[in-house]
Number of protein chains: 2
Amino acid sequence: MRQSIDICLTPELIHQYELEDKIVVVVDILRATSCMVTGIAQGVKEIMPVSTLEECVALKGLGYFTAAERNGEKAEGFDMGNSPFEYMNDELKGEKVAVTTTNGTLAIHKSLMADEILIGAFLNIDVLAKYLSGKNQDIVIVCAGWKGKFNLEDTLFAGALCELLKDNFEYLGDVPIAAEAMWQKLKGDLKGALQNSAHAKRLAKMNVTKDIEFCATLNEYDVIPKLFGESLRNYQP
Amino acid sequence: MRQSIDICLTPELIHQYELEDKIVVVVDILRATSCMVTGIAQGVKEIMPVSTLEECVALKGLGYFTAAERNGEKAEGFDMGNSPFEYMNDELKGEKVAVTTTNGTLAIHKSLMADEILIGAFLNIDVLAKYLSGKNQDIVIVCAGWKGKFNLEDTLFAGALCELLKDNFEYLGDVPIAAEAMWQKLKGDLKGALQNSAHAKRLAKMNVTKDIEFCATLNEYDVIPKLFGESLRNYQP
């Protein structure tokens with residue numbers, strides 16, 4: 001029997017999925033997982049996702065750079081917010097970053113039952129698909145969404161990943177069929193689709209058009225951030 | 001300001017929506033709302049959705065025909081199951097039917113906060129869109145799904161209805177964008193898409209290919225079932 005692939009559209013539906021023994025790919029295109037992929041690709045040694053601003057601050061004393069976003073904006077008093085461009089900084093090479101965001105870190109924490117947790121973004125989709133194709137294991141793509149709600153950009157990524165994997169995996173239920181159809185309809189203008197999403201509209205007020213364009217870039221990097229213990233590191237299988 | 005339209009992908013996410021003062025369109029294409037539209041079009045006077053088999057049986061004593069489905073199959077001891085063809089029966093004209101199904105009746109009961117609850121299916125989509133276009137009221141399309149999960153056919157209907165209404169309504173959030181894209185990709189072969197859905201595969205084992213084809217028929221009827229009190233009746237605005 002072929003291995004299966006499924007998609008969880010928001011963390012609020014995660015109780016419907018069995019994650020044990022599976023590989024989970026967490027995706028939060030705008031912008032947490034795009035940042036994580038960028039950071040790891042730029043040489044950050046370790047990224048620790050934490051739930052609260054307090055935990056994030058506490059890690060500063062332990063030598064971590066800190067990155068914090070709430071409602072799309074950089075939280076006050078932290079080194080970085082949630083823009084991938086903030087990770088393109090030579091000072092971060094070999095360093096550790098503690099990060100807390102509205103949706104992405106929650107999605108990771110809700111996926112801890114999985115056998116393996118990987119970080120996905122358009123920025124690393126091909127290398128991720130190539131790795132997953134070689135594994136003989138069921139996959140669930142967990143979309144971070146926005147405050148528990150469905151969002152367009154994470155589901156588009158899930159549809160794109162399903163399209164890349166469909167020859168080797170069986171779609172479980174209807175979500176992969178739906179997400180793939182959506183992706184096929186909109187992929188011709190991915191940047192346009194992302195600009196049109198609800199979250200892009202929220203972010204547009206904050207002047208982050210450049211971020212959105214970058215997050216819609218395919219295969220900028222060939223790293224796979226993977227959760228080891230409590231932290232994400234570059235996974236070299 | 002234009003009125004808004006939104007889509008709730010499964011009853012498990014309905015807490016994310018404010019239904020007060022809004023019109024809810026409940027959809028369960030395979031097959032509860034397709035049956036309801038068919039029944040009302042065939043002259044059934046009243047359809048009462050109830051939660052349990054026991055309530056359904058009890059209404060038999062009060063002169064109701066009874067229709068009951070569990071896990072896609074007709075429940076034993078009831079007059080009808082959940083096939084639209086069972087409603088094409090002259091004996092039902094002017095009569096009352098009590099109905100309980102796996103998903104459709106739950107979706108109706110979870111929508112009771114709404115100002116108005118209407119029943120949608122591909123069978124009556126145009127008359128529904130025409131009615132909604134003339135109203136100056138926000139709309140939420142509630143997909144019944146399958147046991148709390150997303151399903152393809154209800155979301156496709158929601159996308160189709162959004163496409164018909166987009167000139168007069170503002171999309172709220174990302175779900176309408178996503179559902180419309182999915183619909184546009186798959187509408188060229190709606191019957192094929194429905195045959196490919198997870199629920200169709202469940203039903204196929206029960207020999208209901210004919211039902212699925214019929215449920216994928218556009219505009220067979222021009223009735224709008226609407227909830228008055230506890231029962232659905234033909235709404236003639």
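This is a predicted model: local features need pLDDT of at least 70, side-chain atom pairs count only at pLDDT 80 or more; totals for chains, interfaces and linings use all residues.
Me: What is the volume of the largest pocket, and which residues lie nearest its centre?
Reply: The lining of this pocket comprises 18 residues. Nearest the centre lie Asp6(A), Tyr17(A), Leu172(A), Gly173(A) and Lys149(B). The volume of the pocket is about 400 Å³.

Me: How do the residues of the lining of the largest pocket divide into nonpolar, polar and charged?
Reply: The lining holds 18 residues in total. By class they are 9 nonpolar, 3 polar and 6 charged.

Me: How many salt bridges does a search of the whole structure find?
Reply: The search runs over all chains. One of the pairs is Glu116(A) with Lys135(A), whose closest N and O atoms are 3.6 Å apart, which is within the 4 Å cut-off for a salt bridge. Over the whole structure the total is 16.

Me: How many residues apart in sequence are the parts tied together by Glu116(A) and Lys135(A)?
Reply: The two residues form a salt bridge. Glu116(A) belongs to strand E7 (residues 116-120), while Lys135(A) sits in the loop between helix H4 (125-133) and strand E8 (139-143), so the bridge ties together parts of chain A whose separation in sequence is 19 residues.

Me: Which strand holds Lys226(A), the salt-bridge partner of Glu116(A)?
Reply: The closest N and O atoms of Lys226(A) and Glu116(A) are 3.5 Å apart. Lys226(A) counts as buried, at 11% relative accessibility. Glu116(A) is in strand E7 and the pair ties together parts 110 residues apart in sequence, so the bridge reaches from E7 to the strand at residues 225-228 of chain A, which is E10.

Me: Where in chain B do Lys187(B) and Glu163(B) lie?
Reply: Their side chains meet in a salt bridge at 3.0 Å, N to O. Both are partly exposed, Lys187(B) with a relative accessible area of 36% and Glu163(B) with 22%. The pair links distant parts of the chain, 24 residues apart. Lys187(B) is in the loop between helix H6 (175-186) and helix H7 (190-195), and Glu163(B) is in helix H5 (residues 152-165).

Me: Which residues do salt bridges that share partners join into one network?
Reply: Glu116(A) forms a salt bridge with Lys135(A). Lys226(A) also forms one with Glu116(A). The network joins Glu116(A), Lys135(A) and Lys226(A).

Methods: Residues are numbered from 1 along each chain as its sequence is written. Chains are lettered from A and ligands numbered from 1 in the order in which they are written. Side-chain values use heavy atoms; hydrogens and water are left out. On a 1 Å grid over the protein atoms alone, a cavity is a set of points where a 1.4 Å probe fits but cannot get out, and a pocket is an open set with protein on both sides within 12 Å along at least five of seven lines; lining residues have an atom within 4 Å of a point. Grid points are joined across faces, edges and corners, and a volume is the space filled by probe spheres set on the points. Ala, Val, Leu, Ile, Met, Phe, Trp, Tyr, Cys and Pro count as nonpolar, Asp, Glu, Lys and Arg as charged, and the others, Gly among them, as polar. Helices (H or I, at least four residues) and strands (E, at least two) are DSSP runs, numbered from the N terminus. Buried means under 20% relative accessible area, exposed over 50%, partly exposed in between (1.4 Å probe, protein chains only).
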